[in-house]
Amino acid sequence: EAERLATLEAERLATLEAYLKATGLKDVELSEAEAESLLSLETTGGVEWKQFPIIELFTVKNTHNILSRDIIKNSGKIPYLTASKENNSVGTYISYDESQIEEGNSIFIGGKTFVVTYQENDYFSNDSHNLALYFKDDKQRMLDNQLFFGTSIYKSLSHKYSWGDSISNKKIQTDNIKLPINSKGIPDYNLMNNIICATKKIVIKNVIEWLDERIEATKQVISK
C-alpha cells in the first residue's frame, strides 16, 4: 500500500515538476534589479511612499448581483466570485447571462468581508456590495502591478473595514492607498514590478526545494 501511494505521489510530483519547467518557473534566480528592490524595502529611507486617493488611480464600480440560488454550479467556464478568501474568491465556474459579466484584469473587493483579490479573467459576482476597481492607466494594468495594488489596498484599508462596518462605493471615494514613488513623485511601477517578481521567485524557490525533497523521499520508498 505504501509503495502504491508513493507511486501515485511520484506521478503528481512529476506533473508539478514538468509544469514548473514548461512555464519557466524553475528559473528562480533574482535579477540585480529584483534583489535591489527587496534590499530597498529593508533599508531605512530606501523607499519613499505616498498616499494617493483611490479614485484618482482607479475607476470604482459596484458589481452585479447574482444570487447563489440562481446559478448552477460547474455549469460553465466563467468564474463566479464570492467574498471568500478561499481559491482567490472563486466559488465555482458557471454559464450565465453574459450581460452580467464583470471585466477582468481588475481588483475585486468582497464588500462585506473586505477580501481583496486580483482577477485576471472576466467573472460573475455574487453580490452588488462587491467592488471592481479598474486602474485608469491601461499601460500599467499589468499582472505584477495589479498584485501590488491589491496588496497595498488591503494593507492600507483592512484596519478600517470589517463585517459590521463594511466598505462601500461611497466610503471608498475618500480612501487612500499608499504606494512607492519615484523621484518625480509618481508611483514607481518598476519598483513594484520588481518586488512582486522577486517575491514570486522566492515562493517558487521554496516550492522547488520542497518538491526536490519529496521526489527524493518518494524514490526511496519505491526503491524499497
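Predicted model: local features only at pLDDT ≥ 70, side-chain atom pairs only at ≥ 80, totals over all residues.
Local features are given where pLDDT is at least 70, and side-chain atom pairs count only at pLDDT 80 or more, whereas totals for chains, interfaces and linings use all residues. Residues are numbered from 1 along each chain as its sequence is written, and side-chain values use heavy atoms, with hydrogens and water left out.

**View 1. The four-stranded open sheet has the strand order 2-8-5-6.** Strands are DSSP runs of E with at least two residues, helices are runs of H or I with at least four, and both are numbered from the N terminus. Pairing in this sheet is antiparallel; two strands count as paired if DSSP finds at least two bridges between them. Strand 2 (58–62) and strand 6 (115–119) each have a single partner strand, so one side of each is left without a neighbour in the sheet. From one strand to the next the twist averages 25° (axes are lines fitted to C-alpha atoms, and angles run from 0 to 180 degrees between N-to-C directions). Strand 5 (residues 106–110) is joined to strand 6 by five bridges, and isoleucine 107 has tyrosine 118 of strand 6 as its bridge partner.

**View 2. The three-stranded open sheet has the order 4-3-7 and mixed pairing.** The edges are formed by strand 4 (90–94) and strand 7 (124–125), each with a single partner strand. Strand 3 (residues 78–81) pairs with strand 4 in the antiparallel sense over four bridges. Isoleucine 78 lies opposite isoleucine 94 of strand 4.

**View 3. Glutamine 140 lies in the loop between strand 8 (131–135) and helix 4 (143–157).** Glutamine 140 counts as buried because its relative accessibility is 16% (buried means under 20% relative accessible area, exposed over 50%, and partly exposed in between, with a 1.4 Å probe and protein chains only). Leaving aside residues up to four places away in sequence, glutamine 140 touches Phe135, Asn145, Phe149 and Tyr189, where contact means heavy atoms within 4.5 Å. The side chains of glutamine 140 and asparagine 145 also make a polar contact at 3.1 Å. A polar contact is a pair of N or O atoms within 3.5 Å; within protein, one must be able to donate a hydrogen and the other to accept it, and residues adjacent in sequence count only if both atoms are side-chain atoms.

**View 4. Helix 4 provides the largest share of the lining of the largest pocket, five residues.** Residues lining this pocket include Trp49, Phe148, Lys178 and Thr199. The elements giving two or more residues to the lining are helix 4 and helix 6 (189–223). On a 1 Å grid over the protein atoms alone, a pocket is an open set of points where a 1.4 Å probe fits, with protein on both sides within 12 Å along at least five of seven lines, and lining residues have an atom within 4 Å of a point.
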